[in-house]
Amino acid sequence: MGLMDGKKGLILNIANDRSIGAHIGNNVTQHGATVGYGFLPGDNPEKSERRARKGLDAFGVTNAWMAPCDVSRDEDIEAFFAVAREKFGTIDFLVHSLAFANPNYLKKDEGNFTSTPREVFKQALDISAYSLISLARAAAPLMPQGGSIIAMTYYGAEKVIPGYNVMGVAKAALEANARYLAFDLGNKKIRVNTISAGPIRTLSAMGVGGIDEMFAHTERKAPLHRNIEADEVGKTAVYLLSDLSSGVTGENIYVDSGFNSVGL
Ligand SMILES: NC(=O)c1ccc[n+]([C@@H]2O[C@H](COP(=O)([O-])OP(=O)(O)OC[C@H]3O[C@@H](n4cnc5c(N)ncnc54)[C@H](O)[C@@H]3O)[C@@H](O)[C@H]2O)c1
């Protein structure tokens with residue numbers, strides 16, 4: 001028996017086979033779940049879908065559907081959930097695995113954070129943090145028996161990681177969103193948690209200034225003296241999305257080789 005036999009859920013978004021969302025999808029599928037994935041349509045929706053689909057093929061995931069979703073557009077969210085309702089009827093879980101900030105303001109240069117323009121701040125917070133509220137709001141009616149929602153965050157929400165800048169502020173908002181949503185949706189038996197992952201080489205991570213230093217620092221300082229694999233985030237996701245974690249909500253779990261636990 002798989003831990004997630006018969007469960008259905010949504011993962012937004014995946015870009016390619018490196019995406020944390022693809023690794024989470026692979027793990028929950030191995031445990032018996034069926035998944036619908038989102039992808040960012042961008043300028044060339046067919047190409048984006050092809051690349052995301054290849055990401056699933058890499059894991060041999062064949063029973064999944066995909067639909068476009070740009071979370072900065074309410075009509076996209078509506079259309080994505082209309083597909084989810086049609087394909088699944090009800091769902092058991094939702095994975096928020098997406099973020100964006102203008103890479104010009106993710107630099108380690110002195111003054112880079114202080115120079116963050118209002119529009120760059122708004123866009124980063126809208127796409128990376130507000131979207132958890134809008135996706136949870138759309139998902140809740142599809143979870144009549146309750147469900148589990150998770151979102152991906154990073155230690156830069158809590159401590160200064162040079163170069164993470166406005167994304168750190170967005171992740172702080174994301175983590176607070178998860179706690180308030182956990183409280184608001186608790187009576188509906190919907191749990192909301194976050195996973196704080198150590199650095200992983202993905203498309204988004206490559207846009208963060210000083211990422212190589214984060215990898216090197218983790219190896220030096222973390223109790224496990226190595227960086228994590230995206231698959232390890234996937235395994236923790238199985239715990240949070242399955243009934244194994246039925247009593248856990250409003251929580252943040254670190255999958256970071258223990259990096260956050262060390263002061264010096
Ligand atoms: N890679 C890391 O080191 C790391 C560490 C901790 C947390 N995270 C978080 O994990 C999540 C997944 O990122 P990833 O590292 O797998 O990179 P990724 O590039 O594979 O995934 C990021 C996703 O965000 C999507 N996205 C960007 N703008 C969007 C928009 N307007 N609407 C909808 N989707 C949009 C992209 O299309 C992509 O699918 C993000 O929240 C990221 O901040 C990543």
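**Helix packing and the pockets**

A: In this predicted model, the axes of helix 1 and helix 7, the latter covering residues 230–241, come within 8 Å of each other and cross at roughly 55°. The crossing of helix 1 past helix 7 is right-handed. On the side of helix 1, the residues that meet the partner are I20, H23, I24, N27 and V28, while helix 7 brings A230, D231, V233, G234, K235, A237, V238 and L241 to the contact. Sorted by class, this contact of helix 1 with helix 7 holds 8 nonpolar, 3 polar and 2 charged residues.

The axes of helix 4 and helix 5 come within 9 Å and cross at roughly 20°, an angle that makes helix 4 roughly parallel to helix 5. Here, too, the crossing is right-handed as helix 4 passes helix 5. Helix 4 takes part through F121, A124, L125, S128, A129, Y130, L132, I133 and A136, and helix 5 answers with V166, M167, V169, A170, A173, L174, N177, A178, L181 and L185. By class, the contact of helix 4 with helix 5 is made up of 17 nonpolar and 2 polar residues, with no charged ones.

From these contacts we can turn to the open spaces. The largest pocket has a volume of about 1,200 Å³. Its lining is formed by 46 residues, and those that lie nearest the centre of this pocket are L98, A99, L203, S204 and A205. Several elements give two or more residues to that lining, namely helix 1 (20–30), helix 2 (45–57), helix 4 (118–139), strand 5 (147–153), helix 5 (165–185), strand 6 (190–197) and helix 6 (211–221). The largest share of the lining, 3 residues, is supplied by helix 2. In terms of class, the lining of the largest pocket contains 28 nonpolar, 14 polar and 4 charged residues.

The second largest pocket holds about 270 Å³ of space. It is lined by 18 residues, of which Y154, I161, M214, H217 and F259 are the closest to its centre. Strand 6 and helix 6 each supply at least two residues of this lining, and helix 6 gives the most, with 4 residues. The lining of the second largest pocket divides into 10 nonpolar, 5 polar and 3 charged residues.

Two spots in the backbone complete the account. Most residues other than glycine have a negative phi, and most peptide bonds are trans. Against that background, the peptide bond from L12 to N13 is cis, with omega near -5°, and N13 is found in the loop between strand 1 (8–12) and helix 1. The other spot is H225, a residue other than glycine with a positive phi, near 50°. H225 lies in the loop between helix 6 and helix 7.

Key: Residues are numbered from 1 along each chain as its sequence is written. This is a predicted model: local features need pLDDT of at least 70, side-chain atom pairs count only at pLDDT 80 or more; totals for chains, interfaces and linings use all residues. Side-chain values use heavy atoms; hydrogens and water are left out. On a 1 Å grid over the protein atoms alone, a cavity is a set of points where a 1.4 Å probe fits but cannot get out, and a pocket is an open set with protein on both sides within 12 Å along at least five of seven lines; lining residues have an atom within 4 Å of a point. Grid points are joined across faces, edges and corners, and a volume is the space filled by probe spheres set on the points. Ala, Val, Leu, Ile, Met, Phe, Trp, Tyr, Cys and Pro count as nonpolar, Asp, Glu, Lys and Arg as charged, and the others, Gly among them, as polar. Axes are lines fitted to C-alpha atoms, for helices over the stretch in contact, and angles run from 0 to 180 degrees between N-to-C directions. A crossing is left-handed if the near helix is turned anticlockwise from the far one by less than a right angle, and right-handed if clockwise. Contact means heavy atoms within 4.5 Å. Angles under 35 degrees count as roughly parallel, over 145 as roughly antiparallel, 65 to 115 as roughly perpendicular and the rest as oblique.
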